[in-house]
Amino acid sequence: YYRAPGSFVETLVLQLTLPIFALALYASLVFTYGGALVFTRLLHRTHDSFASALASLARSHRFLAAAERSLGAFIATLDAMYTMLALKTFSLFHCRDLDEGVQVLYIYPALQCWSSDHLSLLPLACISMLVYVIGIPVLFYTLLKLAAKSKALRDGSAGLRLGSLYLRYDQTYWWFELLVLFRKFMAVAVVAFATKYTLLQSALLLLVLFAAIVVQDYARPYLRPIVNLLDFVLLLAAHLVLLLAIIYNSAFQESTQYTACDDENITAANITCQLNEYERNAAALTMDIATWCIFGVLLVAFFGSSLVIYYQIQQLLYRIALEGDERAFELDAKLTKLRALYERVLAPKWHWTAGEWLRISNDSERDYFKHLLSQLDQHYQDWLDRQAKDAR
């Protein structure tokens, strides 16, 4: 049954080759779209030959945009699959000892470690470690670094292909998704290799989550403050749930050490048994409290996430409703000048909020806003002049 259809090996190979299938799917979509464009141009006789129609694809903005979107979708797929790929890769190196001194694979106890069957899987595990666990973060860093050097992140030209990695973050934190990948890597490594020591595993996971909470609260990398708050709340909820689970597990281990008292006579052994019974009841009460606390934390996290999602959907619908006013906004000379002013004075993450406020404000409010921005801009320029004079 080891190599039968639907077996452990077949399932593992299928999971580790999912990125290849995804790449083939997106590439086939791009080639299909390109073929359709070439066929359409030949059908309408806009080109004399197949070679000229094919060469025109390199200058086609529609085809290049479709290719960049497909590449961006593939990169987003790799980002979403990273945790699964790392966990499956680590699991091929994780063995556990049996009573007979035999080591078996933790995720598939029927497979003995370091046997011929297990050794046949190690090349696949090493390739997966190199290509996925190490290769995906290196690929993401290389693409983001090259885009940052060419200023493609600032002007938005890299948004189609790399948008899933940086668009939700502030420009100064374009690399933050790499930190998220490192957090996933550490969590997966702890889960995969520290299963023998439950308390150590939980403590290391608590440390990883605590470090993530500290970094997130310090950096606040997302463009929208409400998303920063949501990420902080979810990380804190995960930390609390894990802490409460440790308390629950400790109470459960404590409760299983004692048995019920059968003798009702007042003897030393029965008094000790009664004291043990009290401790067992206290452990059971602790388990109940921990369970209800976990339920409460998850409930708060769920409602908080729901409110944020509702807010984001509401903002999206609001933006769609105001798209019809965008052209009028751009044609208004005063609003155009005011937009250029706040884009120069305010931080980039406040540009969208300022634009939305301008659409619903009246003339007097806009004049006051313009005066305030002008004062800020003038004071900033004066400060720069003083700094330059002091430097000389």
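# Report on a predicted helical chain

Trp114 is placed in the loop that runs between β2 (103–105) and α5 (116–149). The model described here is a predicted one. In this model the phi angle of Trp114 is near 65°, a positive value in a residue other than glycine. With a relative accessibility of 46%, Trp114 counts as partly exposed.

A positive phi is also found at Lys151, where the angle is about 60° although the residue is not a glycine. Lys151 sits in the loop between α5 and α6 (152–155). The relative accessible area of Lys151 is 56%, and this residue is therefore exposed, the cut-off being over 50%.

## The chain as a whole

The chain holds 15 helices and 2 strands. It has 392 residues, of which 33% count as buried. When contacts between residues at least 6 apart in sequence are considered, 61% of them join residues at least 24 apart.

## Two helix pairs

Helix α4 covers residues 61–91 and helix α8 covers residues 176–193; they pack at an angle of about 30°, and their axes are 9 Å apart. Because angles under 35 degrees count as roughly parallel, α4 and α8 are described as roughly parallel to each other. The crossing of α4 past α8 is right-handed.

On the α4 side, the residues in contact are Asp79, Tyr82, Thr83, Ala86, Leu87 and Phe90. Their partners in α8 are Glu177, Leu181, Lys184, Phe185, Val188, Ala189, Ala192 and Phe193. By class, the contact of α4 with α8 consists of 10 nonpolar, 1 polar and 3 charged residues.

The other pair is formed by α9 (residues 198–219) and α10 (residues 225–255), which pack at an angle of about 160° with their axes 10 Å apart. That angle makes α9 roughly antiparallel to α10, since the term applies to angles over 145 degrees. Here α9 passes α10 in a left-handed crossing.

From α9, the contact draws on Leu199, Ser202, Leu205, Leu206, Leu209, Phe210, Ala212, Ile213, Gln216 and Asp217. From α10, it draws on Asn228, Asp231, Phe232, Leu235, Leu236, Ala238, His239, Leu242, Leu243 and Ile246. The residues of the contact of α9 with α10 divide into 14 nonpolar, 4 polar and 2 charged.

The packing values of both pairs are set out below.

| Helix pair | Angle | Axis separation |
|---|---|---|
| α4 (residues 61–91) and α8 (residues 176–193) | about 30° | 9 Å |
| α9 (residues 198–219) and α10 (residues 225–255) | about 160° | 10 Å |

## Aromatic residues

The count of aromatic pairs comes to 10. One of them joins Phe182 and Phe185, whose rings are stacked, with 6.5 Å from centre to centre and 25° between the planes. The term stacked is used because planes under 30 degrees apart count as such. Both Phe182 and Phe185 belong to helix α8, where they are 3 residues apart, about one turn of the helix.

Phe182 has a relative accessible area of 49% and is partly exposed. Phe185 is partly exposed as well, at 27%. Phe185 is also among the α8 residues that meet α4.

A single aromatic cluster is formed by Tyr169, Tyr173, Trp175, Phe176 and Tyr222.

## Individual residues brought together across the sequence

Met287 lies in helix α11, which spans residues 268–321. Its relative accessible area is 13%, and Met287 is therefore buried, the limit being under 20%. Between Met287 and Tyr248, which are 39 residues apart along the chain, the C-alpha atoms are separated by 4.9 Å. Leaving aside residues up to four places away in sequence, Met287 touches Tyr248, Ala251, Phe252 and Ser255.

Thr40 is located in helix α2 (residues 18–43). Thr40 is partly exposed, and its relative accessible area is 37%. Thr40 and Ala53 are 13 residues apart in sequence, and their C-alpha atoms are 9.5 Å apart in space.

How values were computed. Residues numbered from 1 in each chain as written. Predicted model: local features only at pLDDT ≥ 70, side-chain atom pairs only at ≥ 80, totals over all residues. Heavy atoms only, no water. Axes fitted to C-alpha atoms, helices over the stretch in contact; angles between N-to-C directions. Helix = DSSP H or I, 4+ residues; strand = E, 2+ residues; numbered from the N terminus. Parallel < 35°, antiparallel > 145°, perpendicular 65-115°, else oblique. Left-handed = near helix turned anticlockwise from the far one by under 90°. Contact = heavy atoms within 4.5 Å. Nonpolar A, V, L, I, M, F, W, Y, C, P; charged D, E, K, R; others polar. Phe/Tyr/Trp six-rings, centres within 6.5 Å; stacked < 30°, edge-to-face > 60°. Buried < 20%, exposed > 50% of the residue type's maximum accessible area, 1.4 Å probe, protein only.
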